[in-house]
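Dear colleague,

Please find below the sequence and the structure that I am handing over to you. My notes on the findings follow directly after them.

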Amino acid sequence: MKAVILVGGKGTRLRPLTLATPKPMVPLANKPFVAYVLEHLKSHGIEDIVFSMGYLPEGIKAYFGDGAAMGVNLTYVVEDSPLGTAGAVKNVEKYVRDGDFLVLNGDILTDLDVGALVAWHRERQAVGTIALTPVDDPTAYGLVRIGGEGEVLGFLEKPSWDQIDTNLINAGTYVLRSEVLEMIPAGVEYSFERGVFPRLVGKGLHGYRSDAYWLDIGTPEKYLQAHYDILERNVETSISECLDGDYVCVQGDIDLEIGAKLVPPVVIGAGTTIKAGARVGRMAVIGPGCTISSGCVVEESIVQEGVELAGDVRVRRSIIAGGARIGERTVITGGAIVGNDAAIAADNVLANKIRIYPGTEVKAGSIRF
Ligand code: GTP
């Protein structure tokens, strides 16, 4: 079976991380996010994969090439303008015309049983099957009502509490029969959620409920959460093996000075230096080639490739993008994001979800947020 992964979106909610890097290439535990999607498909025997792309496609192609290194065959199709989720699939029609195929949003971390989803679809001879996942607060989502055989009865957009009779949402993974392609207009923006699926209610559209791990990494909070879940092994990924045992995953040679502390769970990239008197963890991912100086504390945070933290920097529940430099005693906390190659001088306090754009220079002591 072939799969189409939708990776054309601009990822606006994850800015500034997605200004220079498309969302699928934003690192998750030091590996591009979409590599986990490929590994997941491969583990279910799905190897023929089409990337439907738009925004910043070059980095994705350069990294994955023909897919051989990951044991998959990749095809790339780039849109001239955004076509929406269904329009993007219509645009790759020639690769998926024979029989059933899978469509996946490219920003979902899941260990969904894809084989069981496909089997459910085939047993019911469905025209289309939407994977469904339960959520705690159904009022924030579009809900999907299903009947006893899994047939979709209707959609309920952001309902109030008194309207709620289900907590199942569209999990962004579908199995479709090729006939569905006939319903999608070519060359214009068209969506599955608002266009195709409502038209298929009562005409062979099914839902498959899954209680597997599921997270959409599209916001900074969820991007942090995805790291915590990988670190705690709430979802099994290719990082799990490295964490096995003591929950300290070191991804190559590092320079860990005597007196530096790693508090599990923690992931450290190759070539990183952690100096005496620094503490990293719990719940921290440090990229390759970073320098964490004496007196630094990094916890519940992500520090991407090549970041330099000068002495006594404190980072908590925040994200520092690749190449940033942080001056002495600066505190980065409360969901702050520092963009790529930003230079933050000494004695700043970045908090309250502040977002510093890539390349920005912040002078000593100028932000005390
Ligand atoms: P936000 O701007 O933060 O909402 O993110 P996004 O642009 O990724 O949009 P959203 O999260 O709604 O998209 C869900 C998935 O569909 C993501 O994997 C996107 O890359 C993908 N996607 C959204 N729109 C398009 C499109 O027009 N073309 C293609 N090829 N993919 C799309």
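The sulfur of Cys296 lies 11 Å from the closest cysteine sulfur, in Cys290, which is too far for a bond. Please bear in mind that this is a predicted model, in which local features need pLDDT of at least 70, side-chain atom pairs count only at pLDDT 80 or more, and totals for chains, interfaces and linings use all residues. Residues are numbered from 1 along each chain as its sequence is written, and side-chain values use heavy atoms, with hydrogens and water left out.

**Cysteines**

A disulfide is taken to be a pair of cysteine sulfur atoms within 2.5 Å, and by this rule the count comes to one. Cys242 and Cys249 form this link, with their sulfur atoms 2.0 Å apart. The link of Cys242 and Cys249 is right-handed, with 95° about the S-S bond.

Cys242 is partly exposed at 32%, whereas Cys249 is buried at 0%. Cys290 is in no disulfide and is buried, at 1% relative accessibility. Cys296 is also buried, with a relative accessible area of 0%.

**A parallel sheet**

Strands (E, at least two residues) are DSSP runs numbered from the N terminus, and two strands pair if DSSP finds at least two bridges between them. Seven strands form an open sheet with parallel pairing, in the order E15-E18-E21-E24-E27-E30-E33. At its edges are strand E15 (255–256) and strand E33 (361–362), each of which pairs on one side only. Within the sheet, strand E21 (residues 291–292) and strand E24 (residues 308–309) pair in the parallel sense over two bridges. The bridge partner of Ile292 in E24 is Leu309.

**The cavity**

A cavity is a set of points, on a 1 Å grid over the protein atoms alone, where a 1.4 Å probe fits but cannot get out; lining residues have an atom within 4 Å of a point. The count comes to one cavity of 30 Å³ or more, and the largest cavity has a volume of about 30 Å³, a volume being the space filled by probe spheres set on the points. Its lining includes Thr110, Leu112, Ser210, Tyr213 and Trp214. Strand E8 (residues 128–134) gives the most to this lining, with three residues.

Yours sincerely

How values were computed
1 Å grid on protein atoms, 1.4 Å probe; cavity = no way out; pocket = protein on both sides within 12 Å on 5 of 7 lines; lining within 4 Å. Helix = DSSP H or I, 4+ residues; strand = E, 2+ residues; numbered from the N terminus. Buried < 20%, exposed > 50% of the residue type's maximum accessible area, 1.4 Å probe, protein only.
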